[in-house]
Each structure stands twice: as C-alpha cells, then as structure tokens.
Amino acid sequence: MFEIASEETDKKSVYAEDDRQAAREELDSLKEAFEAAVQGANGEEVRRRVGNRIRELEQGVVAMEERAMED
C-alpha cells in the first residue's frame, strides 16, 4: 500500500491522492494496533522491536504528503 502510494505520488497520477489517503488510514490503524500492543504484557519488547519501524513508516508517509503539496 505505502509503496504504491509513493509511486503514484511521484508519477502524479490521478490515483495518487486516493492512494495517499489510503496509506494514511492504514498507518493510523497500524499505530492504534501498535499502541494497544505496547499496553500488553510484552509491551516493552514490542516497542523495542517495532517502534523504530513505525516511526520510519510515519516519516515516509509525512514526506510523501509533503512532496504532493509541493507540486
């Protein structure tokens, strides 16, 4: 999903806006699931193993949204 949204944004295709919106929605869902998992019994391990990846993905989505606004 995220790779497709980025590619469509770079190509400035007619699908780019919808793909970015879908990527943002999926990221928000992922973050909610991550926060719920962090509250669980193995929360610190989940945060340690997955936290950086979530932040990287979020930074990528933000960068993609910024690229779209520049054009």
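**Helices and contacts**

Mentor: Let's start with threonine 9, which lies in helix H1. Helices here are DSSP runs of H or I with at least four residues, strands are E runs of at least two, and both are numbered from the N terminus. Before we go on, this is a predicted model, where local features need pLDDT of at least 70, side-chain atom pairs count only at pLDDT 80 or more, and totals for chains, interfaces and linings use all residues. Residues are numbered from 1 along each chain as its sequence is written, and side-chain values use heavy atoms, with hydrogens and water left out.

Trainee: OK, is threonine 9 buried or exposed?

Mentor: Threonine 9 counts as buried, because its relative accessibility is 4%. Buried means under 20% relative accessible area, exposed means over 50%, and partly exposed is in between, using a 1.4 Å probe and protein chains only.

Trainee: What does threonine 9 touch?

Mentor: Not counting residues up to four places away in sequence, threonine 9 touches Ala16, Arg20, Met64, Arg67 and Ala68. Contact means heavy atoms within 4.5 Å.

Trainee: And alanine 68, where is that found?

Mentor: Alanine 68 is in helix H3. With residues up to four places away in sequence left out, alanine 68 touches Thr9 and Arg20. Alanine 68 and serine 6 are 62 residues apart in sequence, yet their C-alpha atoms are 9.5 Å apart in space.

Trainee: Let's zoom out. How do the axes of H1 and H2 cross?

Mentor: The axes of H1 (residues 2-11) and H2 (residues 16-38) come within 8 Å and cross at roughly 150°. That makes H1 roughly antiparallel to H2. Axes are lines fitted to C-alpha atoms, for helices over the stretch in contact, and angles run from 0 to 180 degrees between N-to-C directions. Under 35 degrees counts as roughly parallel, over 145 as roughly antiparallel, 65 to 115 as roughly perpendicular, and the rest as oblique.

Trainee: Which residues meet there?

Mentor: From H1 you have Phe2, Ile4, Ala5, Glu8 and Thr9, and they meet Ala16, Asp19, Arg20, Ala23, Glu26 and Leu27 in H2. By class, the residues of this contact are six nonpolar, one polar and four charged. Ala, Val, Leu, Ile, Met, Phe, Trp, Tyr, Cys and Pro count as nonpolar, Asp, Glu, Lys and Arg as charged, and the others, Gly among them, as polar.

Trainee: What about H2 and H3?

Mentor: The axes of H2 and H3 (residues 43-70) come within 10 Å and cross at roughly 160°. So H2 is roughly antiparallel to H3. Their contact has 14 nonpolar, two polar and six charged residues.

Trainee: Which residues make up the largest nonpolar core?

Mentor: The five are Ala5, Ala23, Leu27, Val61 and Met64. H2 and H3 each supply at least two residues of this core. A nonpolar core is a set of buried Ala, Val, Leu, Ile, Met, Phe, Trp, Tyr and Cys residues joined through side-chain atoms within 4.5 Å.

Trainee: Changing topic, what is the phi of lysine 12?

Mentor: Lysine 12 has a positive phi of about 55°, although it is not a glycine. Most residues other than glycine have a negative phi. Lysine 12 is in the loop between H1 and H2, and lysine 12 counts as exposed because its relative accessibility is 56%.
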